[in-house]
Amino acid sequence: MKKTVFVMMLILQTFILHAQEGTLRALVVDDKTGETLIGATVVIDSTTTGTTTDLDGRAFLNLAPGVYNLRISYISYQTQIIQGLTIESNQTNDITVRLKPADIQLNAVTVTAKAVRNNENALLTMQKKSPKLFDAITSDQFSKIGVSDAAGALRKVTGVTISEGKYVFVRGLGDRYSKSTLNGSEIPSLDPNKNSVQLDMFPANLIDNIIVYKTFSPDLPGDFAGGIVDIKTKDFPNSFNFQISVGFEYNHQANFNDNFLVAQGSRTDFLGFDNGFRSLPREVSKYTAETFPDPYLDPSGITSVSRAFKNRQFQPTHAPQFPDHKLNLSVGNATKLFGKQLGYIFGLSYHRDFKNYFNGIQNVYEGISAGQTTLDRDILSATREQKSTDEVLMGSLLNLTYKMNDLNKIGVGILANQSGASICRYQDGYKLDTNPDSTDRLQNRGIAYTERSFINGQLSGDHVFNALNKMTVHWNNSFTLSFIGQPDLRLMRNAYTINDQGDSLFYVGNNEKPYRFFRDLKEKNYNGKIDFTLPVHTWGVSSKVKFGGAYTYKTRSFREQAYYYSIRYNKNYNGDVSELFTDENLGYNGNQLRNFLITDFAAPNNYDANQNLLAGYLMIESPLIEHISLTTGVRFEKTDMSLAAFDGTKGKINTTSLLPSLALTYHNGEKTNVRLSANRTLARPSFREFSPLATYDFIGGYIQNGNPNLKSTTINNFDLRWEKYPKMGEYLSISLFYKQFFNPIENAQIPSAGGSGSQFQYKNVEHSVLYGTELEVRKHLGKKNSWLHHFKVAANFSYIYAFVRVTPDELQSIHTWNPGASDKRAMYDQAPYTINANLSYQSNDQGWESSVNFNMTGQRLIVYQIDLPSIYLQPMPDLNFNIKKTFSKHYSIRFRAKNILNSTYSEEMNIGDNIYYTTRYQPGRSFSLSLTYKFD
């Protein structure tokens, strides 16, 4: 019995001691390159207790509470001893150890234990040591500046601007010239009219960091000129971590506003998808364009399809909305599975945002005549506009990483996003296309719902082969399904007059047809890549040879079906548009044909497309001479794109490209680098640009044409950067860049179109040039022990000049009304400058964190016109304030104020000193409050 009790007590004591253990987690890196060291020895000094670092350069030791001295050694490196390392019960102690090469100093060095640096500092170190030129922003910065998605975060990166709240432009170049990847793998766009990814689909709480590569190296995709934006999702923590955040936001123009525009929707709209409420009725979808009922030969059939839509709402109604609300949750841990380390993280994000503006301006102009100096009598319509948006974004993330041993690990990642936006638009103004002095008025209404789905799955692996001189292999397979649907987009225009008695008389003209659109785009994208890194030691020099390959295959299908009502009965009505769509006024009423549905099938607008891309590369990273390192190599890419429209139109691109790269880095001591690079990249047309589609923009009143004869663009890139890292967390850089474009793709007006029937088409122009400079500084305002050290300023400025030669035909048309016009113009959607400034305060002891952030982008060309002045989007200064108070280890509260200046969104044309607005509105100020609970 005594033995049994003794054994039980011994077991119990063992469990208690184990429960009281703490964890030491050490990251061992090369001090010169910043890269992790695999197989370094980590032992408690003067004992046999120890381990070696794994393929991530990490070592883990479970130790009883106490104070230890740690010895870290690695062949060809100086041994380091860390003294006074404190281990506490049930706590994890993180340290980063930087080993110097043995040729610097052969004696052991003793240092004091040091906590791991925060993410911003770690990324600055990575930036300093990397042979690539890049800028970045980390998850801890997301919190400080108060952003909710990837698009908002990227606004703060040097040389980056965001268009339409979601599309990234790097160094003034967007769409086809800037590329986005997810954990290094290519992802498709969710917009049929764009090449770039909609970055508002990625919630900030699921992102670890975002890196913007601004120069090409052969191990990166070759189809970019501005930059590659690589979004890194959160990795698992090494101990249990749980966090939940709830927040609310108020905008006086949108929330609790009785005039907010709404339309009837489905019961699942709050989850970001339509449950079929807006689907095309079976009674209508069963017909093709050829079999659609004839209104005169098939009275029963035309009556049936005309009344098939149960939702006949074309006029938005009004209803107040609750405040914007959001929920963010994440949980992660590292555990054991079959005796091996398994790490996981799960994240969930839900955002619902309401936006509204009123008294906006929307004007449409016709072509200008020779000798005119104003557009006062060339306006087709002048309207006041209200637009209300109810948008839901849901995101989820699951990442699993399994370490089979210290030299091999595999990872599985799944990212799913779902978004739904309900948009209602109403315009009221003057209809002036027949007479500039006309008193005829018009009303435009739009009801739209856009649903976006994105599911990405990744399977990756990392391996180290000791027998091959510690060669590392990284592979990644990624598969993405994406969908964007626009079910039952409804558009309606009508006219009205006001008589002498003040009564409004409403009518529908012969060309004013109520439309219903059904559009969807589906894309599948497979991306596989493998990278080999082989360390090579020759003539006393340590170098790296990198080689690998990639394969991408993607398919896209685009479908559009349109229907409109022929209004033959009650063209003059009482102002309630629902009167036009009652059962007795649709189809046949007795023997009388009233209003009826017509199919408007446009074959070229429906197409199937696919792309195959095969790539391989070889490169070397090596010291060249003392203080100078070299990175050079070449990438091979073979592109095969094809497209087939339903009208028989086809397009094809089949090219082979060799993309060389050369980069030199001069290391002037430990704190200063000078970088010089030259490389060649390319830009392929998107499926939309490449397709023969001709789509009508009902708001802008123009037709957008694709071009199946487009060619890929070739770009020569040259970069020079001086950078300095004065102290921890501080940074200063000056960059110069120059780019030559051959066959750049531009969107330009077709000269022969003009007037109210303006048409635009994507086309190659012969040549263009872009050059500019970037400045960035991050600086603490005081010394480390002073109160001013809590304040930090970060600012960056970019200036970019770019031009395109105007073709002789275009210039001839422009000279008819502007004889002094230049033969150069700005590149499409290119911003001439960007400014970002941030003043932050952080006191960890007091639990306070705050920042003031300012952002502004110069005017940029958004519509290039021939028979009118081109339209430019004007600067919109953006000032935000953010403050956070941490009350305990677990709780914090945050207040944010956004768009404090209530800046105006304005699209303008200029003739001399005269300004003409095409679109103008104010989005309003927003104020938010959020509460966060964290447990780790």
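# How the chain holds together: questions and answers

User: What share of the contacts in the chain with a separation of 6 or more comes from residues 24 or more positions apart?

Analyst: In this predicted model, residues 24 or more positions apart account for 70% of those contacts.

User: What makes the chain agree with a compact globule?

Analyst: For 936 residues, a compact globule would have a radius of gyration near 30 Å, and the chain has 31 Å, so the two agree. Along the principal axes, the C-alpha atoms fill a box of roughly 105 × 75 × 55 Å. Buried residues make up 53% of the 936.

User: Thanks! Which secondary structure does the chain have?

Analyst: Eight helices and 54 strands. One of the helices is α6, residues 299-306, where G301, I302, T303, V305 and S306 are buried. These buried residues pack against α5 (282-285), β28 (541-566), β30 (588-589) and β32 (596-599).

User: Why is the pair D223 and K179 called a salt bridge?

Analyst: The cut-off is 4 Å between a side-chain nitrogen of Lys or Arg and a carboxyl oxygen of Asp or Glu. The side chains of D223 and K179 meet at 3.0 Å, N to O, so the pair counts as a salt bridge. D223 lies in the loop between β15 (207-213) and β16 (227-233), and K179 lies in strand β13 (residues 178-182), so the pair ties together parts that are 44 residues apart in sequence.

User: How do you know whether D223 is buried or exposed?

Analyst: Buried means under 20% relative accessible area. D223 is at 13%, so D223 counts as buried. K179 has a relative accessible area of 12%, so K179 is buried too.

User: Which residues do salt bridges that share partners join into one network?

Analyst: K179, E186, D223, R635, E637 and R684. The structure holds 35 salt bridges.

User: What makes E385 and R425 a salt bridge?

Analyst: Their closest N and O atoms are 2.4 Å apart, and the cut-off is 4 Å, so the pair qualifies. E385 sits in strand β22 (residues 379-405) and R425 in strand β23 (residues 408-431), 40 residues apart. E385 and R425 are both buried.

User: Why is S677 called buried, and what is S677 in contact with?

Analyst: S677 is at 9% relative accessibility, against a limit of under 20%, so S677 counts as buried. S677 lies in strand β36 (residues 672-683). Leaving aside neighbours within four places in sequence, S677 is in contact with T215, L662, A663, N717, F718 and D719.

User: What is the accessible surface of the chain, and how far apart are the mean positions of the charges?

Analyst: The accessible surface comes to about 40900 Å², and 56% of that belongs to carbon and sulfur atoms. The mean positions of the 96 positive and 88 negative charges are 7 Å apart.

Technical notes. Residues numbered from 1 in each chain as written. Predicted model: local features only at pLDDT ≥ 70, side-chain atom pairs only at ≥ 80, totals over all residues. Heavy atoms only, no water. Buried < 20%, exposed > 50% of the residue type's maximum accessible area, 1.4 Å probe, protein only. Helix = DSSP H or I, 4+ residues; strand = E, 2+ residues; numbered from the N terminus. Contact = heavy atoms within 4.5 Å. Rg over C-alpha atoms; globule rule 2.2 N^0.38 Å. Areas by Shrake-Rupley, 256 points an atom, 1.4 Å probe, with all protein chains shown as cover. Lys, Arg positive; Asp, Glu negative; His and termini not counted. Charge placed at Lys NZ, Arg CZ, Asp CG, Glu CD.
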